[in-house]
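Here is a short briefing on one protein model. Please look over the sequence and the coordinates first.

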Amino acid sequence: MTAKKYIFKPEMCETMINMGLQGASQKMMWAELGISKKTAEEYKKKHEEFADALDLALVHSQAFWEREILANLDNKGFNSRLAEIALRG
């Protein structure tokens, strides 16, 4: 059985940024793109736009979770532990 060869597509960058805006983790982004962690690492080295988009997506994701935490400081039903784990991820 041969391994599938993945091909970088510029639209992957937009997908990652959009997912970051929704609070997605790196692994969620890679799963959506259908690539492995190893492939993502290769893309980051070979495609500057991929590396930049991933960095921006992660900034958006962290900001999403920080806003959620701040917006729910007084909400006893809000699972702050889960938000903390998402923020770290």
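F78 counts as buried, at 19% relative accessibility; buried means under 20% relative accessible area, exposed over 50%, and partly exposed in between (1.4 Å probe, protein chains only). F78 sits in the loop between α4 (48-71) and α5 (80-88). F78 and E68 are 10 residues apart in sequence, and their C-alpha atoms are 9.3 Å apart in space.

This is a predicted model, in which local features need pLDDT of at least 70, side-chain atom pairs count only at pLDDT 80 or more, and totals for chains, interfaces and linings use all residues. Residues are numbered from 1 along each chain as its sequence is written, and side-chain values use heavy atoms, with hydrogens and water left out.

**Overall layout**

- The protein has 5 helices and 0 strands; these are DSSP runs numbered from the N terminus, with helices being H or I of at least four residues and strands E of at least two.
- Read from the N terminus, the order of elements is α-α-α-α-α.
- Of the 89 residues in the protein, 26% are buried.
- Contact means heavy atoms within 4.5 Å. Among contacts between residues at least 6 apart in sequence, 57% join residues at least 24 apart.
- The accessible surface comes to about 6500 Å², and carbon and sulfur atoms hold 54% of that. Accessible areas come from the Shrake-Rupley method with a 1.4 Å probe; for residues, only the protein chains shown count as cover.

- L54 lies in helix α4. L54 counts as buried because its relative accessibility is 3%.
- Leaving aside neighbours within four places in sequence, L54 contacts M16, Q26, M29, W30 and K44.
- L54 and K44 are 10 residues apart in sequence, with 8.3 Å from C-alpha to C-alpha.
- S61 is also found in helix α4. S61 has a relative accessible area of 6%, so S61 is buried.
- With neighbours within four places in sequence set aside, S61 touches G20, G23 and A24.

**Charged groups**

- Side chains of opposite charge can pair when their charged atoms come close.
- The count comes to 1 salt bridge, defined as a side-chain nitrogen of Lys or Arg within 4 Å of a carboxyl oxygen of Asp or Glu.
- A salt bridge joins the side chains of K44 and E41, at 3.3 Å from N to O.
- K44 and E41 are 3 residues apart in helix α3 (residues 37-46), so about one helical turn separates them.
- K44 is partly exposed, with a relative accessible area of 28%. E41 is partly exposed at 29% relative accessibility.
- E48, E49, D52 and D55 form a negative surface patch.
- Patches are made of residues with over 30% relative accessible area and no salt bridge; like charges are joined within 9 Å, and nonpolar side chains (Val, Leu, Ile, Met, Phe, Trp, Tyr) within 5 Å.
- Lys and Arg count as positive, Asp and Glu as negative; His and the chain ends are not counted. The place of a charge is taken as NZ of Lys, CZ of Arg, CG of Asp or CD of Glu.
- E48 is found in helix α4. E48 counts as exposed, at 60% relative accessibility.

- G34 has its place in the loop between α2 (26-33) and α3.
- G34 counts as partly exposed, at 38% relative accessibility.
- G34 and Y6 are 28 residues apart in sequence but 8.6 Å apart in space, C-alpha to C-alpha.
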